[in-house]
Amino acid sequence: MTRRSVETVGLTKAFGGVVAVDDATVAFQDGKINALIGPNGSGKTTFFNCVTGMIKPDAGRAMYRGQDITSRSPHRIARAGIGRSFQLCRIFPRMTVLENMLVAVRTTSLRAQLASSHNRGDIDRARGWLRRVGIDHLEGVEARNLSYGQQKLLELAGVLMGDPETIMLDEPAGGVNPALIERIAALVRQLNQEGRTFLIVEHNMDLVMSLSDHVVVFDRGRPIAAGPPPVIRADPRVLEAYLGV
Amino acid sequence: MPSVSSLLRLSALVAGAALALSFPMLAPNPYILSAGVVVASYAVFSTSWNFVGGFTGYISLGHGAYVGLGAYGTGLLVIKAGLPSFAALLLSAALVAALAVPIGIASLRVRGASFVIVSISLVLIMLLVFQSWASFTGGSNGLVVPRPFPGLRRPDHHLVFFYLFCALLAVALLSWWIIDRSRFGMGLKAIREDEDKAQSLGTPTFTFKLLAFVASATFTALGGGLYALWFGDLDPVFQFSILTGAYMVLMALLGGVRHLFGPLLGALVVGSALEYFKVEYGSTQLHLVATGLLLAVVVLFMPDGIIPALSDVYKRLFRPGAASIREETAAELRSQAEVRR
C-alpha cells in the first residue's frame, strides 16, 4: 500500500502580500486516512483549493497518483478521482436531496447526457448512499430545509455519488454535534476499509488523532511535521506552532 | 399506468394547445390577429431566453441582440444573396449560433451583475453597427424584407405567421423539456445553484453554460428571423432595443423561470398588456411605466413567478403538510439509535 496519492512539490499561493501556501512539498498516502492540521490561517484550505483546481497556484506542482494535475480545471480533477467537500458545507439549496445526489452522476457521451436524470439506475445508487449516511427518509425535501448536520451528510453522500477513490474533507466535524461526529467518523473508517483514501482538514484534535493513519502539520503555509499521530503529538515543533511558545 | 396528475397535466396541455391553435378563428379582426402574432413571438423569445436564464441563472439583458441579428441576417440574406426566405431564416440562425460561440466564451467568464452588463454591451454595440453601416443595413431608413408569400392577403399572412410562431414555440418548448429532464439539465440547474460546487462534483460547467447559451441564441435568432419575414420592415432602433431583452427577462421572471411554461405564461400576460397599452395610450409612454410597476410587483411578491406562487397556494389549500419535513418523534429517534447500536 505505498502507492502515491496527492502530492505537491513547492506549491505556492499568495493573496496580495499574504503567502497562504509557501513552497509546500507534501505527500499523502494512498489507501490511508490522512489528516492535515495546523493553526487557523496556516493555509490548509488554500492548499485544498490549489490541489482541487478551485484556485491556481502561483508556483509548484500538484500530482495525483503520479499524474500532474496542476491548474487542471476542477471538474477534470474530480473526474480523475478526487472528490471534495467544502469548509462551510455547500449543497444545492433549492434542489431536493435526491436531485442533489443526481447532479453528481458522471457521464461523458452526449447520449448519456441527454438521458433522463431520474433513471432507475442513478436513483437506486443515490438512495443507496443516502441510506448509508442515514438521510434516505428526506430524499424529497429541498436541501435548504435540512438541518446543518443533515446538510453535511448530504454533501458527503453527494461526493460519494461520484465514486471518488480519494475524498478530501474540509472540516467534516465543524459545527456538528458530538453524536453526528461519531457517525461521520465511523463512516470514514468504513469507507477507508473499502479502499477509499481520505485527506481530512480538521480542528478537532481528538477526532484527528483517533481517526488518522498519517498526519501532516501546516504552519504559516508550509508543512512543519508529518507522521503517525503518536509522533505528531510528541513533536515540539507542533506544540510550538499551536501554542506559540 | 399514468397517474391522475399526469393525465390532468396532459389534458391541460392538449386544451392549451387547442386554444392557441383556434385563436385565429376566435380573433374578431385582423388587428387582434396581428397582436396575437406579436404575443406568440414574445413567447418564443422569452422561452428561448429561458434556456440560459432559467437553467443556469445567468441573466442576459441583451438577448435583443440575437433577435436583431436573426432578423437582419434573414433580411440581408434574402435581399443581398437572393436566398429563398426560409433558407435565409435557417442560415441566419446558423450564423448567429456560430457567432454565439465566441460571444459566449467571452461573456460567460463573468458571473452575476458583471454578466448582465456584458450582455447589455452587446446589444448596444450591435445598435451602433447597424445604424452606422447604412450602406449595407439600410441604417435608420430601415430595411424592407420581401414577403415570403407575396400572393397572400394581409389577414392570411398573419394567420400563416401565427402558426409558424406556434410551431417554433412548440420546438423550443420541447427542447427545453428534454433538457430539463436530462442529466445535462441537472448539471445546468446545479450551475444556477452553486457553480463552484457543481464543478467540484465533475460537471464541466463552462461547456454546459456555453451549450445552453448557444441554444438560447439560436432559438432567439429563429424567432427574430421569423419576425423579419412577418413584419417586413426592420429598423435598428427597434431590432437592437434594450427593451426587447428586458421584456424577455420580465416575461420569464413573471411566469417562473424554473418552469417549462413560465416564460410562455409571462409572455401571454405582459405581451397582451403591452399591446393593450399601446392601443389605448399609444401616444404616451405609459406602457413603460406599467412594465416597470409589474416588474416591481413580481420581484417583491412573487420572486419565483406566477406558476410557483399558484402551486404554493394550491399545496397550502389542498395538501397541507405535504411539502414540509416529516416530523420525527422522540420514540422514532430512540428506535433508530437502538438499531444503530
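Trainee: Let's begin with the open sheet in chain A: what is the order of its strands?

Mentor: Keep in mind that this is a predicted model. The open sheet has six strands in the order E6-E7-E8-E3-E9-E10 of chain A, and the pairing is mixed.

Trainee: Which are the edge strands?

Mentor: Strand E6 (82–84) and E10 of chain A, each of which pairs on one side only. On average, neighbouring strands of this sheet are turned by 20° against each other, direction ignored.

Trainee: I'm curious about E9(A). Is it mostly covered or exposed?

Mentor: Mostly covered: E9(A) spans residues 214–219, and six of its six residues are buried.

Trainee: And which way do the residues of E9(A) point?

Mentor: A:His214, A:Val216 and A:Phe218 go one way, while A:Val215, A:Val217 and A:Asp219 go the other. Residues on both sides are buried. In a regular strand, side chains alternate between the two faces of the sheet.

Trainee: How many bridges does E9(A) make with strand E3 of chain A?

Mentor: Four, and the two strands pair in the parallel sense, with E3(A) covering residues 33–37. As one example, A:Leu36 has A:Val216 of E9(A) as its bridge partner.

Trainee: What about E10(A), how does E9(A) run against that strand?

Mentor: Antiparallel, with five bridges joining E9(A) to E10(A), residues 222–227. A:Val217 has A:Ala225 in E10(A) as its bridge partner, and A:Val216 stands opposite A:Ala226.

Trainee: What sits in the hairpin of E9(A) and E10(A)?

Mentor: There are two residues between the strands, and in this hairpin A:Arg220 takes a positive phi near 45°.

Trainee: Changing topic to chain B. At what angle do helices H2(B) and H12(B) cross?

Mentor: Roughly 80°, with their axes coming within 8 Å.

Trainee: Which residues make the contact?

Mentor: From H2(B) they include B:Tyr42, B:Phe45 and B:Trp49, and from H12(B) they include B:Tyr247, B:Met248 and B:Met251. The residues of this contact divide into eight nonpolar, four polar and no charged.

Trainee: Why is H12(B) described as largely enclosed?

Mentor: Because 11 of its 14 residues are buried, H12(B) is largely enclosed by the rest of the structure. Among the buried ones are B:Leu250, B:Leu253 and B:Leu254.

Trainee: What covers the buried residues of H12(B)?

Mentor: The cover includes H2, H3, H5, H13, H14 and H15 of chain B. H3(B) is itself mostly covered, with 15 of its 16 residues buried.

Trainee: How far does H12(B) reach from its first C-alpha to its last?

Mentor: H12(B) reaches 20 Å, close to the 20 Å expected at 1.5 Å a residue. Just after H12(B), B:Gly256 takes a positive phi of about 125°.

Trainee: Last topic, the two chains together: how many residues of chain B are in contact with chain A?

Mentor: Chain B has 24 residues in contact with 31 residues of chain A. On the side of chain B that touches chain A, H7 (154–181), H8 (183–193) and H9 (195–200) of chain B each supply at least two residues.

Trainee: Which element gives the largest share of that side?

Mentor: H8(B) does, with eight residues. The residues of that side of chain B divide into eight nonpolar, eight polar and eight charged.

Methods. Residues numbered from 1 in each chain as written. Chains lettered and ligands numbered in written order. Predicted model: local features only at pLDDT ≥ 70, side-chain atom pairs only at ≥ 80, totals over all residues. Contact = placed C-beta atoms within 7 Å. Nonpolar A, V, L, I, M, F, W, Y, C, P; charged D, E, K, R; others polar. Buried ≥ 20, exposed ≤ 12 C-beta atoms within 10 Å, placed from the backbone. Pairing = 2+ DSSP bridges. Axes fitted to C-alpha atoms, helices over the stretch in contact; angles between N-to-C directions. Expected span 1.5 Å × (residues − 1).
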